[in-house]
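Please examine the sequence and the structure before reading the solutions.

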Amino acid sequence: KRFEEIIVRVPLFLKSQGIKEIIAPLETKSHQGWADLGEYKLILYTFIEGKNGFEMELSDFHKRTFGAALKRIHSAKTPPELKRQIPQETYSPKYRERMKEFQKQVENSTFTDLNAAKLAKFIKSKRDEISRLIKRTEELASELQSRSHELVLCHTDIHGGNILITNEDQFYIVDWDAPRLAPKERDLMFIGGGIDNIWESKRDESVFYEGYGKTQIDFPMMAYYRYERVIEDLAAYGEQLLLTDEGGADRERSYGWFTSNFESGQTIEIAEDTYKLL
């Protein structure tokens, strides 16, 4: 994987803005966030022991802290030089096209692997629903591309697994592998989006927004990002199960994660409910 400077530069910048919920790399004597070791890059972080948001239940304090930290990240005035390095939202059709390919593949191929065969059968049984998901996401993307939006620095994958909490209740947002300049809904879609079990009630969401502060939600944008995330996850599991036979015991788990999106109260239903708010 090619080294991207922004995975180091972004957390260093946020830390420099006084956002203490960021774990930034240690700088070298020349104030660089990495060291060159021949063809390799060395990035050194302080070791911080804790649990992520999947391993523990977040308290109201954690949720408010999360909201306040994310607001500071979204409000950060990114320097022009850094801004030029960060990808900007394009509403890419990449994952929608990938799912269309899988829909064709399962109609025209047979699979010897048990989980691949099960997934192919499931995709065929949900053909109309998946096609509707893709079509609705394409329509929203087309609408949003024709509008102008305020772009902020977004984490883009801010689920429970990328939250770290120490035994002393210190709170961190980790894994800055894919920052993007995008509308704030790119991150806010996770709050109540069904990606994790942190936001199980409207009260949980309201506690987050006590920290984040009052904000106007763009519901077409929120619906788009929730639909798009579902399709991205489905495509990722499809790649694992339909394009390879690797993964061992994880293959059964991936099949379960793929199908769970279609269950009552899960991500697809939440995205549909968001769309209805339009």
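**Exercise 1.** Determine how helix H4 and helix H5 pack, and which residues make the contact.

*Solution.* Step 1: H4 (residues 94-108) and H5 (residues 114-125) pack at an angle of about 110°, and their axes lie 9 Å apart. Step 2: H4 is therefore roughly perpendicular to H5 (angles of 65 to 115 degrees count as such). Step 3: H4 passes H5 in a left-handed crossing, that is, the near helix is turned anticlockwise from the far one by less than a right angle. Step 4: Gln103, Val106 and Glu107 of H4 meet Ala120, Ile123 and Lys124 of H5, contact being heavy atoms within 4.5 Å. Step 5: These residues divide into three nonpolar, one polar and two charged (Ala, Val, Leu, Ile, Met, Phe, Trp, Tyr, Cys and Pro count as nonpolar, Asp, Glu, Lys and Arg as charged, the others, Gly among them, as polar).

The model is predicted, with local features needing pLDDT of at least 70 and side-chain atom pairs counting only at pLDDT 80 or more, while totals for chains, interfaces and linings use all residues. Residues are numbered from 1 along each chain as its sequence is written, and side-chain values use heavy atoms, leaving out hydrogens and water.

**Exercise 2.** Describe the packing of helix H9 against helix H10.

*Solution.* Step 1: For H9 (residues 219-242) and H10 (residues 250-260), the angle is about 150° and the axes are 10 Å apart. Step 2: The two helices are therefore roughly antiparallel (angles over 145 degrees). Step 3: The crossing of H9 and H10 is left-handed.

Methods:
Axes are lines fitted to C-alpha atoms, for helices over the stretch in contact, and angles run from 0 to 180 degrees between N-to-C directions. Helices (H or I, at least four residues) and strands (E, at least two) are DSSP runs, numbered from the N terminus. Angles under 35 degrees count as roughly parallel, over 145 as roughly antiparallel, 65 to 115 as roughly perpendicular and the rest as oblique.
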